[in-house]
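Have the sequence and the 3D view ready.

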Amino acid sequence: MNLPNHLARSQMFMMSTIAALVLIYPATGRADECMATLKDPHGLIEVPCDGGTKATLKGGEHFLAEPGPYGWSVYLKSGCRGFIEKADLQLLPNEPLMKLNYDREKKLWRKWQSAPDSELGEAASSAKGRGLNYYKVLTAASNGDKKAMARFFSACEWMDGAAAEGCFVNGWELFHIVGDETFAKFLGGQSAKMQKKIAGILSSGDTDPISKPKPYIKRYFPKSYKILFGKDNDVLR
């Protein structure tokens, strides 16, 4: 029995949508992040960034894109992280992932040192329960203070649940802000036990949008990588 035209068109649309989603989200899991650029070399897209600011994405600019069911999460070299619903992108899966920029986070940590309790996240609230100003420690750590870095990662160790997840995410951001040279020197002064815990945090999976952190760390943080994962250089996961 033939379907009415409008139902047939609707069915075709649904089937094409499902097919498109299957291509983006294979049965084995979501598609990996990759580098991308706008197909239109003269195109412009306004991207709303985290924190309420905006950035202009220009044709020819390369950025990291992560697919989602309703659009793309994009990460620009300026540090802007945002979301675009519709965009004609040229994916560049063979281009190495760019190094992420978290400099904006440092400004927010400085601001949140004096934030009221109602605005504190799970990690900061958990730390405050133990008499620790979470964002004050993070700010000092982001300036290269080794004692503050040790204090921060020690705090992550006793957190759990959402608090631990937030702490791990901030640890990943701190790692980038501090940089390989300074972080490697910090690691060199830590015990093997603490190095192992930090290695676990930086490869925990709370490293969005990087789904495979070890190869990424090896590329951009070679000195830290050698200390953290030196024994499995040939088995990257």
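## About the model

This is a predicted model, where local features need pLDDT of at least 70, side-chain atom pairs count only at pLDDT 80 or more, and totals for chains, interfaces and linings use all residues. Residues are numbered from 1 along each chain as its sequence is written, and side-chain values use heavy atoms, with hydrogens and water left out.

## The disulfides

How many disulfides does the structure hold? There are two, a disulfide being a pair of cysteine sulfur atoms within 2.5 Å. C49 pairs with C80, sulfurs 2.0 Å apart, and this link is left-handed, at -100° about the S-S bond. C49 sits in the loop between β2 (44-48) and β3 (54-58) and C80 in the loop between β5 (71-75) and β6 (81-84), so the bond ties together parts 31 residues apart in sequence. Strands (E, at least two residues) and helices (H or I, at least four) are DSSP runs, numbered from the N terminus.

C156 and C167 make a disulfide too, with sulfurs 2.0 Å apart. C156 belongs to helix α5 (residues 146-158) and C167 to helix α6, so this pair joins parts 11 residues apart in sequence. Buried or exposed, what is C167? C167 is buried, at 0% relative accessible area (buried means under 20%, exposed over 50%, partly exposed in between, with a 1.4 Å probe and protein chains only).

## Two helices side by side

Helix α6 (residues 161-178) packs with helix α9 (residues 213-220) at about 15°, their axes 12 Å apart. Axes are lines fitted to C-alpha atoms, for helices over the stretch in contact, and angles run from 0 to 180 degrees between N-to-C directions. On the α6 side, W172, F175 and H176 make the contact, and on the α9 side P213, Y216 and I217 (contact means heavy atoms within 4.5 Å).
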